[in-house]
Amino acid sequence: MCNQESQNLSLWSLRYSSNCAVKSHPFTCSHLLQYLSSSQTSARKMVREIFHQQSAKDTYKRLVVRRINLKKSLQNQKKTKETSEFMKTFGFLHRDFQEQERTLICQTKVSVPRSSRKAIKLCKIILKQSKKKYYYPLLNIYCPLVLPNNFSDDIIAQKSTQELVEENARYLEMDTSKTEVFLFLRAVIRRILPMKETWGCGKNESLFLKHIKSLLTMRAYDKISVEEMVDGLITKDIPWLSNGHRLKMLKTFVFWFLKDVLYVIIRHFFYITEHSCFRNRLVFYRKELWKSIVRNGVTILLNNKIWGYNLSTNKEGACFRCRFCPKSSSIRPIIYLPVAKMTNKPAGKMEATIVLKILQHICKKCPWLIGCAAQGIKEIHLKWNKFVTASQSTAHDLKLFFVKVDADRCFDRIPVDKLLEVLKLILQKAGSTKVSHLSPTYRKVFDCSEEILLFVQKSLENVSITCMGKKYAKLEGIPQGWCLSKILCDILYGDMEIKYFPSLASGTSSDLLVRFADDFLFVSSNQLNAENFLRTMHNGFPEYGCFINARKSQTNFLVSTNLFINCEKITEQQQASPFPWFGLLFPTCLPPSFKDGKISGGSKLYGVSLDLSRYKEIGSIRDCITVGSTIPCSIVSATLKRNLRLRLLPICFDPEINTTLRILRNIYEVALVIASQWIAHDLNRFPRRRLARRRTEALFGIELLAKAAFSRIRKQFPAKFPSRQVVLWIFYKAFSTKLKRRLNQYKSIVFHLSSVMQHQLYKTHHPQMQRLLKHSTAVFPDGLKHMSMK
């Protein structure tokens with residue numbers, strides 16, 4: 001029997017299945033339902049394998065030893081004429097062996113324990129029903145798909161790139177809904193598992209199908225237990241269960257059926273993948289449809305001369321794999337390296353992980369070598385703090401002009417020759433940097449600079465990409481999924497910024513330029529400087545392969561048509577609205593000072609905040625978290641604390657760049673997100689495990705989250721503000737606001753929270769703070785207004 005921890009089911013294991021022959025039978029020759037016949041002896045073997053883990057393949061394995069040894073001996077011999085003739089004989093022997101094995105397996109008598117003998121009849125029915133060829137007709141009935149009959153490569157090659165893009169946009173909208181998948185699986189289940197012999201009554205069958213529907217609605221990392229799949233089933237009505245072992249046998253059978261039958265059918269007919277717009281939500285596509293989408297995507301890459309046919313026999317270089325992720329109207333190629341080493345390593349045994357550590361250490365010790373690049377939110381915070389502090393010199397509010405640009409096909413357009421030239425220069429400038437703590441083989445950078453250059457050069461010389469069983473060559477740029485791609489991009493673009501924007505790269509300018517990978521953000525108090533930067537970037541830098549995508553550019557001012565031709569594609573935002581970048585909202589106006597909350601800036605929402613608009617696009621908080629009835633309360637609490645720490649960014653709570661009201665507002669928004677996740681976790685539990693009626697435990701959990709937030713903020717900024725009582729009241733207010741939307745389920749908790757909040761508010765003893773608290777929590781964020789919990 002499987003232990004309880006292993007009896008958890010998830011849809012994540014079904015993702016990215018290969019494009020096999022869909023019209024064939026879903027069960028292969030090695031599957032239990034395929035190599036066993038529908039005889040009484042086979043049914044007994046099936047019972048032993050399901051309920052007692054005594055595989056019927058043991059006899060099968062012993063019989064094929066001779067065949068495997070024969071095949072190995074043939075592979076070791078040279079391919080002579082006699083050997084090729086003997087291979088034909090081996091093919092006939094192979095089919096004879098299969099027939100003998102199946103006959104012997106079916107004729108071998110097997111003893112079955114008394115406790116599971118009632119299940120022999122059911123297993124015999126399952127073996128008989130599963131061999132019928134009704135899967136594909138049912139699929140066309142419940143999941144209809146209309147596609148052209150001819151998908152030959154010649155016809156696709158004749159189409160233009162624009163036609164292929166439009167065709168893919170139509171195909172991406174033809175995904176199979178989870179309701180259609182459920183109807184198909186319901187029809188299959190009713191044919192394989194007859195109601196009377198399997199469930200005993202219609203109520204048990206309906207309840208099991210309801211659990212199947214909830215299984216299909218799970219997100220990528222959600223898990224569901226077998227206990228939940230059999231919850232509510234009346235075991236007394238099930239005829240094949242024996243007394244004393246009813247629930248145990250039922251769990252074992254359900255787990256086997258889902259894992260070895262239903263999952264096999266889903267994986268055979270559908271391609272399951274995540275979606276770029278919906279975080280953890282999974283999307284189902286018919287295999288024929290997805291194969292056509294991928295083929296069109298590969299043809300587009302070939303037409304644009306990003307990929308080419310791999311005709312080289314040279315095995316040096318990295319071999320990447322590619323899969324495609326659907327977007328709103330196109331697909332994104334995701335290139336990754338399945339093995340973290342090359343087929344032939346260059347001299348010195350240099351590995352990619354060592355090169356990455358050395359280059360990251362160089363960028364950390366010598367940040368001026370990579371220009372305006374930021375490695376994370378911490379460096380963005382430092383750059384923004386320096387800019388705001390230097391700009392607060394006027395006696396009135398200062399308007400800021402923002403420009404956001406994104407490099408088009410950044411990694412695909414990086415010139416390798418220029419990259420190697422810049423990398424060599426960087427290694428020479430940082431030659432005295434010590435790296436002995438990263439690799440004991442080298443003391444300083446100049447000891448390993450030649451090996452690093454040789455490694456990068458060899459890695460990028462013959463890059464091959466495998467997709468749909470075919471190999472393609474990458475004609476230009478570097479692969480995006482490589483572990484060194486981002487750091488190499490930072491090095492190349494850093495040299496470009498030092499050459500064309502020297503004052504911004506050195507930090508001597510009064511303006512701000514910060515970049516994360518290929519996303520640029522320029523901030524200035526002078527509109528003319530912002531327009532000049534926008535024009536310079538859109539002119540492009542052919543030497544570095546940097547060209548801007550005008551449709552992704554964004555400003556907070558009106559762009560003049562005299563700047564360049566494609567200015568109508570640029571998104572222009574209102575001057576007063578906060579400017580979004582990197583998941584944050586930056587203020588477009590700065591007060592004279594942030595130091596004290598009593599001055600003019602204290603009563604206004606000046607500062608940086610989280611961008612919650614992405615939750616409005618996603619539509620459901622369930623797409624952002626992992627829930628499950630099997631997750632204990634302690635693990636849920638630890639998960640929420642981890643999510644809380646990730647959202648308590650120092651840039652949003654720094655009193656030097658945020659007003660008092662803005663800090664309180666940021667705490668409230670973070671608390672609302674955590675409250676939404678808390679409710680989503682609780683609603684996906686068993687009814688008897690929910691916290692709706694356990695008021696004391698729920699309030700204790702809210703208090704723990706508030707204390708964790710307070711300690712996190714106080715650790716980052718050791719000041720008197722905000723106090724513990726203030727943070728605790730804000731969390732009570734956020735949870736009360738979210739729980740009131742489900743008053744029928746959390747009525748007792750909401751009423752108790754109201755009294756606790758009133759008592760906690762008077763503990764602040766400061767009338768101005770009380771007014772600020774009420775003002776900061778008065779408005780509900782637009783991004784969380786229509787957030788679904790399912």
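Reader: Let me start with a detail: is K552 buried, partly exposed or exposed?
Author: K552 counts as partly exposed, at 49% relative accessibility. Buried means under 20% relative accessible area, exposed means over 50%, and partly exposed is in between, using a 1.4 Å probe and protein chains only. Before we go on, this is a predicted model, where local features need pLDDT of at least 70 and side-chain atom pairs count only at pLDDT 80 or more, while totals for chains, interfaces and linings use all residues. Residues are numbered from 1 along each chain as its sequence is written, and side-chain values use heavy atoms, with hydrogens and water left out.

Reader: Thanks! And what does the side chain of K552 meet in a salt bridge?
Author: That would be D406, with 3.6 Å from N to O. A salt bridge here is a side-chain nitrogen of Lys or Arg within 4 Å of a carboxyl oxygen of Asp or Glu. K552 lies in the loop between helix 22 (527–539) and strand 14, and D406 lies in strand 9, so the pair ties together parts that are 146 residues apart in sequence. Helices (H or I, at least four residues) and strands (E, at least two) are DSSP runs, numbered from the N terminus.

Reader: Is D406 buried or exposed?
Author: D406 is buried, with a relative accessible area of 11%.

Reader: Nice. Which way does strand 13 run when it pairs with strand 9?
Author: Strand 9 and strand 13 (residues 519–524) pair in the antiparallel sense, over 6 bridges. Two strands count as paired if DSSP finds at least two bridges between them. For F401, the bridge partner in strand 13 is S524. Strand 9 is also joined to strand 14 (residues 554–555) by 2 bridges, again antiparallel, and there K404 stands opposite Q554.

Reader: Let's zoom out. How many helices and strands are there in the protein chain?
Author: The protein chain has 30 helices and 19 strands. Of its 790 residues, 51% are buried. The accessible surface comes to about 38500 Å², and 52% of that belongs to carbon and sulfur atoms; these areas come from the Shrake-Rupley method with a 1.4 Å probe, and for residues only the protein chains shown count as cover.

Reader: New topic: which strands make up the open sheet of 3 strands?
Author: The order is 16-17-19, with antiparallel pairing. Strand 16 and strand 19 (609–610) stand at the edges with a single partner strand each, so one side of each is left without a neighbour in the sheet. Strand 17 and strand 19 are joined by 2 bridges, and L584 has L610 as its bridge partner in strand 19.

Reader: Where does F582 lie?
Author: F582 lies in the loop between strand 16 (579–581) and strand 17 (584–586). Its phi is positive, about 60°, although F582 is not a glycine. F582 is partly exposed, at 35% relative accessibility.

Reader: And what is phi of A517 near?
Author: Phi of A517 is near 60°, a positive value in a residue other than glycine. A517 lies in the loop between strand 12 (512–516) and strand 13, and counts as buried at 10% relative accessibility.
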